[in-house]
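Please open the model in your viewer and keep the sequence panel beside it. The tour below moves from one selection to the next and says what is to be found at each stop.

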Amino acid sequence: MMKTIPYSRIVETVRDLCLQAAFELPADVGNALKKAQRAEKSATGKALIGRCITNFSVAKETKIPICQDTGIAVFFVELGDAVKIKGGTLPRAINEGVGRGYTEGYLRPSMVSDPLYDRKNTFTNTPAIIHMEIVEGDSLSITLAPKGGGSENMTTLCMLKPAEGEAGVISAVVNTILKAGGNPCPPVIVGIGIGGTAEHAVKMSKKALVRHVGTANKNKKFSVLEKKLLTKVNESGVGPGGLGGSVTALAVHIETCACHIATMPVAISLSCHVARHATVIL
């Protein structure tokens, strides 16, 4: 039996997600920051993280955006094969919801319609970036992960040779962190996609950012690598705000996919300390 979800319900849901993500930091990220403040050895870094924690509390209470950069609206959508949208298409509903959420919530619109020649603001923060997957079942899962420009600019794709192995992955990640410095507003979450194709690796690295902070990869070898990378990243000395310290990252999350015998794509995405995301299942 098909489950029918009205177009208008999706619009309203996405509108609410935009406001929730802008005003409320997910509990797992907030707890990770409190843990990071206790662990940070630098007095400056400890104080900076404390300011971030205070900022999150004020944002939630006053309904003011956690960060003035309210981000590109990036969605990860899982559409059940027994779900029918009545009254319009799902992408159109998502974009209408984003337009309403950013306009009604007075969130800064950051999207320009032409990326090169005529960079005029669309004033609705649309179009959204929508990654959609068809899955079994009668539910619709929508995750919004607003992505700020500072952290987005630090995204890296490395097409490694398979022979470079684990050492090559570690080097790519650490070099990305060192090059990024304070630009992505650390402490960050490091999302890594290994395998697939170039574009799929980047998608995986983005999706890795919305995993519950600190949850381990189900594959033992990759969960060990996550821990090893977190240690290496925090030994980089970049620290909170790029001002030096012992906590540069809150977590490292790896997602993987099968790949061609001659390739090993490694994509690295960084979230800022405002690792915003919100999910709803209809």
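**Stop one: the largest pocket**

Begin by selecting helix H2 (27–39), helix H8 (220–234) and strand S8 (249–259), each of which supplies at least two residues of the lining of the largest pocket. Before going on, note that this is a predicted model, in which local features need pLDDT of at least 70 and side-chain atom pairs count only at pLDDT 80 or more, while totals for chains, interfaces and linings use all residues. Residues are numbered from 1 along each chain as its sequence is written, and side-chain values use heavy atoms, with hydrogens and water left out.

Helices (H or I, at least four residues) and strands (E, at least two) are DSSP runs, numbered from the N terminus. A pocket is an open set of points on a 1 Å grid over the protein atoms alone, with protein on both sides within 12 Å along at least five of seven lines, whereas a cavity is a set of points where a 1.4 Å probe fits but cannot get out; lining residues have an atom within 4 Å of a point.

Now show Lys35, Gly214, Leu230, Leu250 and Ala251, which lie nearest the centre of the largest pocket among its 21 lining residues. The volume of this pocket is about 420 Å³, a volume being the space filled by probe spheres set on the points, with grid points joined across faces, edges and corners.

Contact means heavy atoms within 4.5 Å, and axes are lines fitted to C-alpha atoms, for helices over the stretch in contact, with angles from 0 to 180 degrees between N-to-C directions.

**Stop three: the other sheet**

Move to the four strands that form an open sheet in the order S4-S2-S5-S10, again with mixed pairing. S2 and S5 pair in the antiparallel sense over five bridges, and Phe75 stands opposite Leu144 in S5. Helix H1 (residues 7–23) packs on this sheet, touching S2, S5 and S10, at about 30° to the direction of S5.

Is Ser141 buried or exposed? Select Ser141, which is found in strand S5: with a relative accessible area of 13%, Ser141 is buried, that is, under 20% relative accessible area, where exposed means over 50% and partly exposed lies in between (1.4 Å probe, protein chains only). Leaving aside residues up to four places away in sequence, Ser141 touches Phe76, Val77, Glu78, Thr279, Val280 and Ile281.

**Last stop: the cavity**

A search of the whole structure finds one cavity of 30 Å³ or more, and about 160 Å³ of space lies in the largest cavity. To find its centre, select Ala145, Pro146, Lys147, Leu209 and Arg276, the closest to that centre of the 16 residues that line the largest cavity.

Methods
Two strands pair if DSSP finds at least two bridges between them.
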